Amino acid sequence: TSSATNSDGPANYGIRLTGGPVSGTINLSTGSVTVSGANSFGVSIESPFTGALTLNNVTVSGSGSTAISISAPVTGNVTLTGTISADIGNGTGFISTATITGALANNGTIDAGVDQSSTNGTVSAAETGRAAMLIGGNVTGGFINTGTVAGAAGTTALLVQPTTAAP
């Protein structure tokens, strides 16, 4: 289990892969990553990675944050389980702008944005996220969705379009 909870500052990372090509297996099938702070990332793959990548229960809670970001090529299967959540304004649940040479499988729940709510007479406004799931790079093994992808308050649930940067 990984947790980074410095909500006093922006740009926090739970897991950040940088610094050159990396090979191996990242298996968080039984763990979780929770990160707070504006413009933060639960998991950010910023260097080429070769191997299986399994991510489970990744949550961010700061405006403009992203639960999972893949901005460098991944050679291997990417599997998402549990809840991948950016239930905040301007948040993104999952984004890949790089090629995944392998399959991308969602076996859990990916969500972004916040619906309006009321607690003890106090109304919390709805907040639109960027996207629950955005696939912008090529996925050579295909996308398999046996889970749920949901956007709250007008947030796009699933967007598949060529892109090299976050919306």
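Charges first, with the cut-off I used: a salt bridge is a side-chain nitrogen of Lys or Arg within 4 Å of a carboxyl oxygen of Asp or Glu. I keep in mind that this is a predicted model, where local features need pLDDT of at least 70, side-chain atom pairs count only at pLDDT 80 or more, and totals for chains, interfaces and linings use all residues. Residues are numbered from 1 along each chain as its sequence is written, and side-chain values use heavy atoms, with hydrogens and water left out.

**Salt bridge.** I searched the whole structure and got one salt bridge. It joins the side chains of Arg16 and Glu46, at 2.9 Å from N to O. The two sit 30 residues apart and link distant parts of the chain: Arg16 is in strand S2 (residues 13–17), Glu46 in the loop between strand S6 (41–45) and strand S7 (49–50). My strands are DSSP runs (E, at least two residues), numbered from the N terminus.

Buried or exposed? I looked up Arg16 and Glu46. Arg16 comes out partly exposed at 46% relative accessibility, and Glu46 is partly exposed too, at 28%. Buried means under 20% relative accessible area, exposed over 50%, and partly exposed in between (1.4 Å probe, protein chains only).

**Sheet.** I found an open sheet of four strands, in the order S3-S7-S10-S13 with parallel pairing. Its edges are strand S3 (22–23) and strand S13 (100–101), each pairing on one side only. Two strands pair if DSSP finds at least two bridges between them; strand S10 (residues 74–75) and S13 have two. Thr75 has Thr101 as its bridge partner in S13.

**Core.** For a nonpolar core I took buried Ala, Val, Leu, Ile, Met, Phe, Trp, Tyr and Cys residues joined through side-chain atoms within 4.5 Å. The largest one has 30 residues, and Ile68, Leu80 and Leu104 have the most contacts inside it. Among the strands that supply at least two residues each are strand S8 (53–61), strand S9 (66–70) and strand S11 (78–86).

I then listed what Leu104 touches (contact means heavy atoms within 4.5 Å). Beyond its neighbours within four places in sequence, Leu104's contacts include Val78, Leu80, Phe94, Met133 and Phe143.

**Thr148.** This residue lies in strand S20 (residues 148–151) and is partly exposed, at 40% relative accessibility. Residues up to four places away aside, Thr148 touches Asn106, Gly108, Thr109 and Ile110. I also checked Phe49, 99 residues from Thr148 along the chain: their C-alpha atoms are separated by 26 Å.
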